[in-house]
Amino acid sequence: MKNRYIKIFCTAIFSTLILASCDKGFEEMNTNPNALTEPAIKSMFTLAEIYVDGQDFSNTRGNNIYAAQIVQQFSSPGGAGSKYTYSSEYSAALFGETYGKGLNQIYQLLSVLPNTDENSNAIQALRIMKVLMYQKLTDTYGEVPYFEAGKGYNGNIFTPKYDTQEAIYNDLLKELDEAGTALDANKGFVGAADLYYQSDVTRWKKLANSVMLRVAMRLSKVNPAKAKEYVEKAVSKGVFTSNDDSLVLKHDAGPQGVRTNPITSAWVTNDLNKGESNIKFSKTFIDLLKNTNDPRLRIYAKLEATGDNNPANQQGLANDASDFPGGDKKVFSDPNTSTVLRLDAPTLIMSFAEVKFILAEAAVRGWSVGESAQKHYEDGVRAAMTILTIFGDKVPAVTNMEYNTYITTYPFKSAGTDAQKIEQIITQKWIVLLFNGFEAFSEYRRTGYPVLVPVNDPTGETNGTIPRRLIYDQSELLTNADNYQEAIRRQGLDRMTTRIWWDKI
């Protein structure tokens with residue numbers, strides 16, 4: 001599958017460049033009747049969608065090993081994320097892969113896509129996808145190349161300048177607002193080549209507005225007025241209203257490559273080994289779900305060596321562990337290979353539950369988002385539990401009775417302080433963001449929740465404080481040195497402890 005997509009992509013781009021260089025009178029002579037003469041737009045669009053959430057390289061290194069361990073969803077003895085140590089390969093993975101694959105694919109496609117009614121919706125969708133990738137990049141590193149990025153092909157800019165996060169965020173919001181408005185059901189799209197919503201314009205509009213919610217809420221401390229403005233705008237334009245709206249990317253079980261799940265495929269193939277994996281669920285995650293009798297635990301976790309998914313028998317590994325206590329890896333919980341760690345498990349890129357938790361927080365802050373914080377919160381918890389049916393039926397789904405018991409036993413803290421309410425909301429968001437470590441890492445830095453006990457390991461780079469960012473791809477020191485140096489002069493030293501623009505105490 002991967003080779004087929006790449007072959008189509010490369011052939012299309014090569015053909016386009018050749019056609020553009022032909023002189024008048026030589027077109028017939030230089031045209032191969034058996035070759036593609038126009039870009040394979042639909043195949044290129046599909047590949048762009050697949051690249052939005054990254055491939056094995058960035059997800060294994062940046063997500064599983066770094067971000068998800070920093071926020072204590074997972075743990076590993078000696079793991080870079082668990083111990084806050086620096087690995088140039090792991091830290092740079094998202095930066096290199098996003099520019100080299102995902103954004104490159106989008107910029108290439110936009111450069112050959114005629115701006116016509118037939119292509120209008122595809123162009124707007126690409127703008128939305130571009131926002132998803134850039135937000136992850138800038139939230140992970142801080143300042144990144146943005147306005148001049150992607151101009152090597154049509155602008156001869158091979159050393160793009162880094163832009164401030166404030167400027168990037170302003171443009172992300174503008175792009176989402178404009179793209180969502182410009183989507184038009186009366187214009188052309190790409191049909192079944194759209195893996196996300198099968199060219200359903202209404203659902204794409206909801207996605208644009210829901211991503212706007214996520215982007216806007218990130219400004220809650222650095223620019224609360226703007227955050228409020230765009231959260232309320234997103235709500236007025238229309239956000240996700242059910243789990244059916246959630247952005248879910250389906251995958252194939254094999255062969256391993258571009259269409260397999262970028263998180264699970266490498267994990268299962270290379271690391272799981274019948275319970276011998278070095279990466280386990282963290283004690284923080286397992287203890288929270290066990291102590292609250294959370295019905296999701298049987299779906300998320302099992303002991304891979306025995307296939308036991310009984311919640312009572314699940315055990316998480318402490319993030320400060322230097323080895324496996326007792327020397328037996330098999331007694332610590334793995335992600336469940338019958339559900340969330342299937343080779344073809346779908347990727348939940350953005351969920352209805354996340355939207356409801358953003359709205360719950362907005363309501364706590366007094367913003368106009370329709371319903372009360374409690375109603376948004378309760379709907380978010382229900383959605384977070386029921387969305388797990390996307391991972392199949394080999395483990396019983398959460399029932400209405402289980403949800404009712406959970407929400408009655410652990411109700412929304414309506415009489416609590418705003419801080420207590422937001423902590424409760426973000427802790428639930430942290431659970432639903434499992435396998436989306438980059439987003440969980442961003443939300444932790446923005447809010448300080450869930451409350452985590454830092455690891456103070458002698459190998460760490462942060463003197464026992466939880467990291468605030470990842471370190472840039474150090475190849476930038478060779479290929480884009482002047483712009484890299486300018487960025488760190490504005491932002492601060494290229495260290496894991498440097499706070500980015502929106503990360504305020």
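Let's start inside the fold, with helix α17: its buried residues pack against α12 (283-291), α13 (297-300), α14 (352-364), α15 (373-386), α16 (400-409) and α18 (437-447). Keep in mind that what we have here is a predicted model.

So, what does α17 itself look like? The helix runs over residues 418-432, which makes 15 residues. From its first C-alpha to its last, α17 reaches 21 Å, close to the 21 Å expected at 1.5 Å a residue. How many of its residues are buried? In α17, 11 of the 15 are, and the helix is mostly covered. If you'd like to find them on screen, the buried ones are K421, I422, Q424, I425, I426, T427, Q428, K429, W430, I431 and V432. That list takes in two lysines, K421 and K429.

Now let's zoom out to the whole protein. The secondary structure comes to 20 helices and 8 strands. The radius of gyration is 23 Å, close to the 23 Å that the globule rule gives for 505 residues, so the protein is as compact as a globular protein of that length. Along the principal axes, the C-alpha trace spans about 75 × 50 × 50 Å.

What about the interior? Buried residues make up 57% of the 505. Of the contacts with a separation of 6 or more, 75% are between residues 24 or more positions apart.

Technical notes
Residues numbered from 1 in each chain as written. Predicted model: local features only at pLDDT ≥ 70, side-chain atom pairs only at ≥ 80, totals over all residues. Heavy atoms only, no water. Helix = DSSP H or I, 4+ residues; strand = E, 2+ residues; numbered from the N terminus. Rg over C-alpha atoms; globule rule 2.2 N^0.38 Å. Buried < 20%, exposed > 50% of the residue type's maximum accessible area, 1.4 Å probe, protein only. Contact = heavy atoms within 4.5 Å. Expected span 1.5 Å × (residues − 1).
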